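The sequence and the structure are shown here for reference.

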Amino acid sequence: MVFSMEQKGDITVIMLDKRIDSSNAYDLEKEIEKVIQEGKRKILFDFSGTDYISSAGLRVLLSTAKNTKKTGGKVALCSLKPFVKEVFVSAGFNQIFTIYPSCDDGISM
Amino acid sequence: MKTCFHFSTKADIENLPQIAGWLEETLAGAGVGEKDQFEIGLAVDEACSNIILYGYADRSGTIDIESCIRDDELTVTIEDAGKPFNPLEVTPPVLDADIDHRKIGGLGVHLIRSVTDDLFYEYRDGKNILTLVKVRGAVGCG
């Protein structure tokens with residue numbers, strides 16, 4: 001597992017690793033696919049422990065968002081550190097994803 | 001003053017964190033600010049990922065990295081003997097498409113461009129040579 005997970009009501013909170021790059025993005029994608037196959041429809045990605053994300057990680061998030069949308073689900077992100085947020089903004093992903101400043105706020109997604 | 005450091009590693013996807021660790025240690029040791037470290041680190045990681053996943057997709061090889069630190073500028077030169085690939089020719093992604101139409105292609109190179117001030121590419125003697133240039137931020141903030 002490249003993340004840990006917690007169920008809060010109908011929301012599945014996925015706590016991501018310190019670093020998400022091409023070396024672990026594939027494993028992350030496979031693990032998330034399993035979560036979606038289990039029928040989880042609301043996924044909140046907790047970035048509070050994440051210091052780095054590359055385009056490989058963005059690719060996983062985009063594919064997760066596309067997959068959950070097909071089943072009427074929803075994906076949101078929370079607690080992005082400033083440098084990580086900068087990557088999202090540079091990629092225009094802040095327009096695609098709902099980003100909550102804190103994960104407590106995200107629980108109301 | 002200019003100080004340069006060199007690192008060479010097998011082009012294996014598992015080695016990306018090792019490259020990042022070396023660069024971070026080198027830059028932090030030379031007093032480069034955290035923001036500059038993060039941004040040049042992102043550019044190097046994206047460039048090396050492309051080399052490993054595409055340039056060396058059908059062969060094994062090495063990646064040679066040289067990082068040079070000046071008072072006002074960072075340059076990182078990355079060399080590989082994989083397939084010729086000029087990142088400057090990659091079409092920029094459409095950033096304002098909605099989620100259904102959003103494609104991920106070209107995002108790595110877009111990120112490289114967004115965090116560097118200049119990029120140079122040449123293919124010479126069977127090698128891709130990519131040079132990333134970043135103007136350093138103000139001391140203490142950069």
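A disulfide is taken here to be a pair of cysteine sulfur atoms within 2.5 Å. The model is predicted, and by this rule the count over all chains comes to 2 disulfides. The sulfur of Cys48(B) lies 15 Å from the closest cysteine sulfur, that of Cys68(B), which is too far for a bond. Cys48(B) is also buried, with a relative accessibility of 0%.

In chain A, a disulfide joins Cys78(A) to Cys103(A), with an S to S distance of 2.0 Å. This pair links distant parts of the chain, since Cys78(A) belongs to strand E6 of chain A and Cys103(A) to helix H4 (residues 103-106) of chain A, 25 residues apart. The torsion about the S-S bond of Cys78(A) and Cys103(A) is about 85 degrees, so the disulfide is right-handed.

In chain B, Cys4(B) and Cys68(B) form a disulfide, with their sulfur atoms 2.0 Å apart. Cys4(B) sits in strand E1 (residues 2-10) of chain B and Cys68(B) in strand E2 (residues 62-70) of chain B, so this bond ties together parts that are 64 residues apart in sequence. For Cys4(B) and Cys68(B) the torsion about the S-S bond is about 110 degrees, so this disulfide is right-handed.

| Cysteine | Relative accessible area | Class |
|---|---|---|
| Cys78(A) | 0% | buried |
| Cys103(A) | 15% | buried |
| Cys4(B) | 34% | partly exposed |
| Cys68(B) | 4% | buried |

Because buried means under 20% relative accessible area, Cys103(A) counts as buried at 15%, whereas Cys4(B) is partly exposed at 34%.

The packing of a helix in chain A can be described next. In helix H3 (residues 82-90) of chain A, the residues Val84(A), Val87(A) and Phe88(A) are buried. They cover an arc of only 100 degrees around the axis, which puts them on the same side of H3(A). Within chain A, the buried residues of H3(A) pack against strand E5 (52-53), helix H2 (55-70) and strand E6 (74-78); in chain B, they pack against helix H2 (34-55) and helix H3 (107-115). Just after H3(A), Gly92(A) adopts a positive phi of about 75 degrees.

Definitions and conventions. Residues numbered from 1 in each chain as written. Chains lettered and ligands numbered in written order. Predicted model: local features only at pLDDT ≥ 70, side-chain atom pairs only at ≥ 80, totals over all residues. Heavy atoms only, no water. Buried < 20%, exposed > 50% of the residue type's maximum accessible area, 1.4 Å probe, protein only. Helix = DSSP H or I, 4+ residues; strand = E, 2+ residues; numbered from the N terminus. Arc of directions from axis to C-beta. Contact = heavy atoms within 4.5 Å.
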